[in-house]
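Me: Please go through this model with me, one question at a time, and state the criteria behind each term as you use it.

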Amino acid sequence: MWDFLTFERFIAQDVLILFYYAGAVGMPLFLWYLRRRLVRTLPWCRNAGAELRRLYDTLETGRKVMTLLFFLVLFLSMELVWRMMFETMIGYFQMHDALMELTELQRG
């Protein structure tokens, strides 16, 4: 416990994994809910949503598929970057722990 209180031992890896899943799963769900709520409550969002829907409905089938694929690839790319960001931070803390162990071995 003392190592934790004096920042000799980091809890970052466990916490980062929790935040990763909260962001990877929770954020898209929250944004979907927020979009629906804004479209229902704000008139200018409702108008913009209706215009985008009309624009999408005018597209031919091939363009609709390409649009959906574009947003799917965009979403997957954002998820990949989110994952890489957390892997980098976790890797940093693992390197820190390994270096601290090497320091302890040299001291003693």
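Reply: Angles under 35 degrees count as roughly parallel, over 145 as roughly antiparallel, 65 to 115 as roughly perpendicular and the rest as oblique. The model is predicted, so local features need pLDDT of at least 70 and side-chain atom pairs pLDDT 80 or more, while totals for chains, interfaces and linings use all residues. Residues are numbered from 1 along each chain as its sequence is written, and side-chain values use heavy atoms, leaving out hydrogens and water.

Me: How are helix 2 and helix 3 oriented to each other: roughly parallel or roughly perpendicular?
Reply: Helices here are DSSP runs (H or I, at least four residues), numbered from the N terminus. Helix 2 and helix 3 (residues 43-58) pack with their axes 5 Å apart and at an angle of about 110°, where axes are lines fitted to C-alpha atoms over the stretch in contact and angles run from 0 to 180 degrees between N-to-C directions. Helix 2 and helix 3 are therefore roughly perpendicular.

Me: Which residues of helix 3 make the contact with helix 2?
Reply: Contact means heavy atoms within 4.5 Å. On the side of helix 2 the contact is made by L38, V39, R40 and T41, and on the side of helix 3 by P43, C45 and R46.

Me: Is R46 buried or partly exposed?
Reply: Buried means under 20% relative accessible area, exposed over 50%, and partly exposed in between, with a 1.4 Å probe and protein chains only. R46 touches V39, R40 and T41, not counting residues up to four places away in sequence. With a relative accessible area of 40%, R46 is partly exposed.

Me: What kind of pair do the rings of Y20 and F86 form?
Reply: Rings of Phe, Tyr and Trp (its six-membered ring) pair if their centres lie within 6.5 Å, with planes under 30 degrees apart counted as stacked, over 60 as edge-to-face and the rest as tilted. The centres of the Y20 and F86 rings are 5.9 Å apart and their planes stand at 65°, so the pair is edge-to-face.

Me: How many residues apart are Y20 and F86?
Reply: Y20 belongs to helix 2 (residues 12-41) and F86 to helix 4 (residues 61-107), so that the pair links distant parts of the chain. Y20 counts as buried at 13% relative accessibility, and F86 counts as buried at 6%.

Me: Which residue lies over the face of Y20?
Reply: A charge sits over a ring if NZ of Lys or CZ of Arg is within 6 Å of the ring centre and within 35 degrees of the ring normal. At 5.4 Å from the ring centre of Y20, the residue over its face is R83.

Notes
Helices (H or I, at least four residues) and strands (E, at least two) are DSSP runs, numbered from the N terminus.
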